[in-house]
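Good morning, colleagues. Please take a moment to look over the sequence and the structure before we go through them together.

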Amino acid sequence: MADPVPAVSAPAGAPAPRPSPPRSPYALEMDRVRFARPGRLVLDEVVLRIAPGELVALVGLNGCGKSTLLQLASGVLGPQAGAVRVEGEDIARLSRRQAARKVALMHQSAPLVPGLTVRQLVRQGRYAARGPLGMLRDGDDATSRRALRDVGVEDWADRPVDALSGGERQRVRLALALAQETPVLLLDEPTTYLDLRHQLEVLQLVARLRAERGLTVLMVLHDLGLAARFAERLVALRDGRVAADGPPAEVVTPALLRGVFGVEGRVGRDEEGGWPVCHPDHPIPLQNDNHIH
Ligand SMILES: Nc1ncnc2c1ncn2[C@@H]1O[C@H](COP(=O)(O)OP(=O)(O)OP(=O)(O)O)[C@@H](O)[C@H]1O
């Protein structure tokens with residue numbers, strides 16, 4: 001069939017148009033990322049590709065490299081080999097402000113500046129949107145207010161952050177990350193310190209933001225049950241390598257419990273929701289290889 005749009009040839013002598021770079025199909029891409037700390041290889045050849053709008057949970061034993069992976073994904077740390085790309089751009093080539101417009105990292109133990117109120121702290125999330133002199137732009141206040149409202153902490157706006165409980169601080173940290181209004185959200189144990197009700201509220205909020213605003217979310221969760229219920233994809237790290245990656249219904253198996261967590265256990269299905277439900281029985285020695293049998 002003939003092309004309905006005739007090709008327009010460039011006039012003789014005109015410079016050839018520069019081809020625009022192909023748009024990346026991935027919101028976040030880690031390409032053979034390696035990161036070592038003195039005396040310890042933390043992440044090795046990590047390959048992870050996350051499509052726009054995906055909600056991915058990252059799980060694994062203490063010390064396996066989950067937080068390090070999030071810090072690399074946010075550009076806070078740089079890989080020693082490989083590359084991290086956000087919406088196709090190498091994050092190492094972006095300025096701090098450019099990176100902060102693309103990726104927000106909520107870190108569970110990030111210190112909250114004492115003396116600031118919740119409102120003042122969350123307005124700091126607008127740093128990336130500020131002009132060269134650090135002035136807040138029109139709409140920044142509305143964005144901060146929306147972030148406070150999303151997380152249900154708007155009534156605390158005038159409270160000093162150092163007078164908040166652990167769980168209250170955690171929700172304020174989430175509001176701070178949301179105030180950045182980035183397409184990619186990285187959450188490091190967002191449910192730590194939260195009571196049962198607020199764990200569910202926070203994960204429901206994350207799922208809603210992803211559905212309504214198309215956010216791409218990568219979150220570290222220790223509760224495999226919550227990860228299996230709320231994430232559409234589960235990535236398990238073992239010793240700094242991706243040991244399993246797929247939909248929870250396929251990935252959460254007794255072999256995963258054994259191979260990644262060193263636990264003998266059973267896996268059932270939630271009667272209503274259908275998601276996997278783990279019944280860990282007892283710890284076992286970890287196998288030496290990274291394969292999940
Ligand atoms: N600032 C640091 N300096 C030196 N080593 C570090 C530092 N931060 C983390 N590590 C080490 O790097 C490894 C990976 O740590 P990381 O925090 O990424 O693990 P994690 O999977 O998030 O653990 P957890 O589940 O306990 O939070 C661990 O061995 C840890 O001791």
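Predicted model: local features only at pLDDT ≥ 70, side-chain atom pairs only at ≥ 80, totals over all residues.

Let me begin with a term: two strands are said to pair if DSSP finds at least two bridges between them. By that criterion, strand β1, residues 28-37, pairs with β2 in the antiparallel sense, over 7 bridges. Within this pairing, A36 stands opposite L41 in β2.

The protein contains 9 helices and 12 strands. It has 293 residues, of which 38% count as buried. If we take the contacts between residues at least 6 apart in sequence, 65% of them join residues at least 24 apart.

I return now to the sheet that holds β1 and β2. This is an open sheet of 4 strands, in the order β2-β1-β4-β5, and its pairing is antiparallel. Which strands stand at the edges? They are β2 and β5, the latter comprising residues 89-90; each has a single partner strand, so one side of each is left without a neighbour in the sheet. Helix α1 lies across β1, β2 and β4 and runs at about 120° to β1.

Both β2 and α1 also concern the ligand. β2, residues 40-50, and α1, residues 66-74, each supply at least two residues of the shell around the ligand. Which element gives the most to that shell? It is α1, with 3 residues. The ligand is surrounded by R37, R40, V42, G60, N62, G63, C64, G65, K66, S67 and T68.

Let us turn to strand β8, residues 216-220. Is this strand mostly covered or mostly open? It is mostly covered, since 5 of its 5 residues are buried. As a general point, the side chains of a regular strand alternate between the two faces of the sheet. In β8, T216, L218 and V220 lie on one side, V217 and M219 lie on the other, and all of these are buried, which leaves both faces covered.

Strand β3, residues 55-59, pairs with β8 in the parallel sense over 4 bridges, and A57 stands opposite M219 in β8. Strand β7, residues 184-188, also pairs with β8 in the parallel sense, here over 5 bridges. The bridge partner of D188 in β8 is V220.

For A236, leaving aside neighbours within four places in sequence, the contacts are V59, G60, A243, A244, V251, L256 and V260. G60 is also among the residues that surround the ligand.

Why is L178 classed as buried? A residue is counted as buried if 20 or more other C-beta atoms lie within 10 Å of its own, and L178 has 27 other C-beta atoms within 10 Å. Beyond its neighbours within four places in sequence, L178 is in contact with A147, D150 and V151. The C-alpha atoms of L178 and L105 are separated by 9.3 Å, although these two residues are 73 residues apart along the chain.

Definitions and conventions. Residues numbered from 1 in each chain as written. Buried ≥ 20, exposed ≤ 12 C-beta atoms within 10 Å, placed from the backbone. Contact = placed C-beta atoms within 7 Å. Near = placed C-beta within 6 Å. Axes fitted to C-alpha atoms, helices over the stretch in contact; angles between N-to-C directions.
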